[in-house]
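Hi,

Here is the model I said I would pass on.

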Amino acid sequence: MRTSRPLAVLCCLAALVTACTDGGSGADQVVQPPPSPSAAPPSPADPSPTAAPSPSPSPVAAAPIDGPLAAELLAVAEFPAPVRFEVLLQDPSTPAELAAAIVDAEEDVRDPTLSADARLVAAHRAQRAYRQLGRERAWQDEVLAALPGPYDRIARGNSEARDALDRLRGSGEAPTALPAWEVVAPEPADALLSSYREAEATYGVDWEVLAAINLVETRMGRIVGFSTAQARGPMQFIPESWEIFGEGGDIDDARDSIMAAARHLTQRPGDPPSERNALLRYNRSSDYGDAVIAIADVLREHPDEYATYHGWQVYFSTEEDEFLLPVGYREEQPVPVDEYLAREAVGVVG
């Protein structure tokens, strides 16, 4: 990590707070983003697997954030979106503080008295805490022991997924440039949940597995572009596979892509047929399968964690810096880090 400047974490007012993707084929370097959507979908709602949540405000409206969460972002309404800031966020400094941060963030995500924007910020705080837990290996036992149920199980599952994705990325060289991606607001959480459940009812694939794939591949559809293998769409299909499983749908449409993923998993179940072997046919990496199953298992035990996962953002790690890519990020070609910082870093907050 550089010592000459703060950790680069870039934010955009269009999404209030925004999150190297953490894994899967969605982590491939993208060479060309497709055209921008005609309209950005709303910011995520607070979902429930048993009841559809109400939609949240449009992401372009920089709504006030409740209470102490306001300190985590700079909401300057007079700046046209997107505006990006170089931000230094303070992470916990002890295992006890990290355990408390996880509990506080997860409780805020589940607090119906907070606004949708505040819960989005809380989901990002939880994501950052789990990322720190993955980095601070020596803290893990103490942090996990300090977490009350169900958060100890959630944290263990997230750590298992992070370890698997670290193994998946470990053989490659750290990038020296920001990716040629477009980052967009995801479909609302309730809309995605409806598509997962429709696919489950139609094809018998657990909705939790489909949600985990969507999270690992493109952060619930936030990352838009073509992979090095020319895979695209929220569930990352190469053209040949889409011809087989897409059934004439739109590869960039969330519902069509989720339904196609369910068809892929059921029609190519592996030998012998199993969830894990089907995932190996979806992505030829046992580490990828480990990550997806770890996240899916968390959702099976604690479906309300879906609200937290839907709020996770797009992070990208280079040789020396870690970036938070905001909604509105769009690069046609990879951009060297120094060039990007000189062009996009507007101010320092925190």
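What covers the buried residues of H9? Before the answer, some housekeeping. This is a predicted model, in which local features need pLDDT of at least 70 and side-chain atom pairs count only at pLDDT 80 or more, while totals for chains, interfaces and linings use all residues. Residues are numbered from 1 along each chain as its sequence is written, and side-chain values use heavy atoms, with hydrogens and water left out.

Back to H9. The cover includes helix H6 (207–218), helix H8 (254–267) and H10, where contact means heavy atoms within 4.5 Å. Helices here are DSSP runs of H or I with at least four residues, strands are E runs of at least two, and both are numbered from the N terminus. The buried residues of H9 (275–282) are Asn 277, Ala 278, Leu 279 and Tyr 282. For burial I use relative accessible area with a 1.4 Å probe and protein chains only: buried is under 20%, exposed is over 50%, and partly exposed is in between.

The axes of H6 and H10 come within 8 Å and cross at roughly 125 degrees (axes are lines fitted to C-alpha atoms, for helices over the stretch in contact, with angles from 0 to 180 degrees between N-to-C directions). That makes H6 oblique to H10, oblique being whatever is left once under 35 degrees is called roughly parallel, over 145 roughly antiparallel and 65 to 115 roughly perpendicular. On the H6 side the contact includes Trp 207, Ile 213 and Val 216; on the H10 side, Tyr 288, Ile 295 and Leu 299 are among the partners.

Now the cores. A nonpolar core is a set of buried Ala, Val, Leu, Ile, Met, Phe, Trp, Tyr and Cys residues joined through side-chain atoms within 4.5 Å. The largest has 61 residues, and those with the most contacts inside it are Tyr 196, Leu 210, Ile 213, Phe 237, Leu 265 and Tyr 306. H10 gives the most to this core, with 9 residues. Another core, of 15 residues, lies apart from it and includes Trp 181 and Phe 316.

On to charges. With a salt bridge taken as a side-chain nitrogen of Lys or Arg within 4 Å of a carboxyl oxygen of Asp or Glu, the count comes to 24. A few that I liked:

- Arg 128 pairs with Asp 91, with the closest N and O atoms 3.1 Å apart. Arg 128 lies in helix H2 (116–135) and Asp 91 in the loop between strand S2 (84–87) and helix H1 (95–109), so the bridge ties together parts 37 residues apart in sequence. Arg 128 is buried at 9%, whereas Asp 91 is partly exposed at 29%.
- Asp 290 and Arg 167 meet at 3.3 Å, N to O. This pair links H10 (286–301) to H4 (151–169) across 123 residues. Asp 290 is partly exposed at 26%, and so is Arg 167 at 45%.
- Arg 300 and Asp 297 come to 2.7 Å, N to O. Both sit in H10, 3 residues apart, so about one helical turn separates them.
- Arg 137, Arg 162, Asp 163, Asp 166 and Arg 169 are linked in a network of salt bridges.

Cheers
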